[in-house]
Amino acid sequence: MRVHWHRRDLRTADNRGLAAAAGRLEDVPADGPVVPLFVFDRDVLAHAGPPRVAFMLDALDSLRAWYRERGSDLLIRHGDPREVVPAIADEVGADAVTWGSEVSGLGRERDAAVRRALDDADVARRSVEDALLHEPGSIRTNQGEVYSVFTYFWKKWRDREKLPPAPTPDESDLADVADDEPLPTLADLDFDEPEADVPPASTAVARDLLDAFCEGDVYDYDDRRDYPADECTSRLSAHLKFGTIGIREVHEAVREAKSAAAGADYDSAEEFESQLAWREFYHHVLWDEPSVVTENFKDYERAIEWNHDPEALQAWKDGETGYPIVDAGMRQLRAEAYMHNRVRMIVASFLTKDLLIDWREGYDWFREKLVDHDTANDNGGWQWAASTGTDAQPYFRVFNPMTQGERYDPDAEYIREYVPELRDVPADAVHEWHELDAGRREMLAPDYPAPIVDHSERREDAIEMFERARADD
């Protein structure tokens, strides 16, 4: 008997940890049926937000239904995994436990503690890399260091052989167990209902998204991915975060789409493939430097003099900055627990370079509101925008939010969708909002605010702030 401890792998297909438990990986012999387990860990939930917990509960409901349809069950427990996992192994008579490995400091500390507890209980254990195509630490510079520039990482990542999707266990691989422990509600876990409309979570939903993307939008991705009104993205980020679909299955589908294409279509599919590599790049960085969750990756001679401005921070959170593309993004976040990637860069630049507010404030807000928040990816993105991270935006290159809006939402479709005060305002006036006088603004959109800062002035302030931190004086 073996126990498979589900965490960020809420699926049964292309699940290397589960396949290992079932003896379906070549290097792991079968040794009895598998007991599936999920543990609600308060230490992990302390870092969660309502949208992610709602998505996770939906995914767990789907996963449990899959097991029950095959005469087994997903055991649901609450507590400290150091105590719960060995106790379940003892209860069912398991001689081994498997799980998917983690890259974050918190996850690795928890896993080390569980390994020690299982060793004390004389239960074998094996953690398997399941969330990434390449083990953290396996792609390094010639000097053996973690890559801090994506281009070089991408070249090695692209050329490395990838494992195929892991086989799915069948009914004969699963233990005949039943569990009457119900899935908790958000309230049971002390979370409020999310204000956003959280999307459904299951492997079936993820596969539908993947199939639809690979049949069409993947071939327009390179040209249209930066235009938020086009929605030319896969929307798989939350599913990859919680593992409702396997990364090998996604990569194989993208590779098949790429092999069926030529010319610009081929290049576009490869551009999406490079985004999978970006995801792994940030995971490798986090594995090598766990401190980046709270500390700058890039060293400056002096501390960066971030502003403490609660009113400006709240205006940013509420989508009330007077910069239309920024406000549209922040309101999309509240409404959908999601934000288009180009707009994520714009709002992050605005917080750190226009409002001069610490990137950690934005990271914390995204962690609370995003359904697809992933520690590695969000941290990497925020530090890129703040010019403190790996392969970061140079401090002297500051996004102009009005230019960004005009370039990537020229007809103001995206802006008008999320900022109803501007729905009757001509696109050129939307993109010139910062230049209009008070009377013109009052006439066009009396309920929409004037810009809370002057971008040109703040751009200069930001450059000076970073030059002081660099000790360029």
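Start with the largest pocket, which holds about 1,200 Å³ of space. A pocket here is an open set of points on a 1 Å grid over the protein atoms alone, with protein on both sides within 12 Å along at least five of seven lines, and lining residues have an atom within 4 Å of a point. Grid points are joined across faces, edges and corners, and a volume is the space filled by probe spheres set on the points. Select Tyr221, Gln275, Trp278, Arg279 and Asn341: of the 41 lining residues, these are the closest to the pocket centre. The elements that each give two or more residues to the lining are H6, H9, H11, H14 (341-354) and H16 (375-385). H11 gives the most, with 10 residues. Helices are DSSP runs (H or I, at least four residues), numbered from the N terminus.

The model is predicted: local features need pLDDT of at least 70 and side-chain atom pairs count only at pLDDT 80 or more, while totals for chains, interfaces and linings use all residues. Residues are numbered from 1 along each chain as its sequence is written, and side-chain values use heavy atoms, with hydrogens and water left out.

Next, select H7 (203-215). Its end C-alpha atoms are 18 Å apart, which agrees with the 18 Å that its 13 residues should span at 1.5 Å a residue; the expected span is 1.5 Å times one less than the number of residues. Which residues of H7 are buried? They are Thr203, Ala206, Leu210, Phe213 and Cys214, where buried means under 20% relative accessible area and exposed over 50%, with a 1.4 Å probe and protein chains only. Seen down the helix axis, these residues fall within an arc of 100 degrees, so they line one face of H7. The arc is taken from the directions from the helix axis to the C-beta atoms. On the face turned away from the buried side, look for the exposed residues Asp208 and Glu215. The buried residues of H7 pack against H8 (221-224), H9, H10 and H11, contact being heavy atoms within 4.5 Å.

Move to H10 (residues 247-259). Its buried residues include Ile247, Val250, His251 and Val254. They pack against H1 (16-21), H6 (150-159), H7, H9 (237-242) and H11 (263-288).

Now show the largest nonpolar core, which has 90 residues. Such a core is a set of buried Ala, Val, Leu, Ile, Met, Phe, Trp, Tyr and Cys residues joined through side-chain atoms within 4.5 Å. Trp316, Val326 and Leu422 touch the most other members, and H11 contributes the most residues, eight. Leaving aside neighbours within four places in sequence, Val326 is in contact with Trp316, Thr321, Ile346, Val347, Phe350 and Pro401.

His455 is in H21 (residues 455-469) and is buried, with a relative accessible area of 8%.

Arg416 lies in H18 (residues 413-418).

How many cavities of 30 Å³ or more does a search of the whole structure find? There are three. A cavity is a set of grid points where a 1.4 Å probe fits but cannot get out. The largest cavity has a volume of about 140 Å³, and its lining includes Arg7, Asp9, Glu102, Asp130 and His283.
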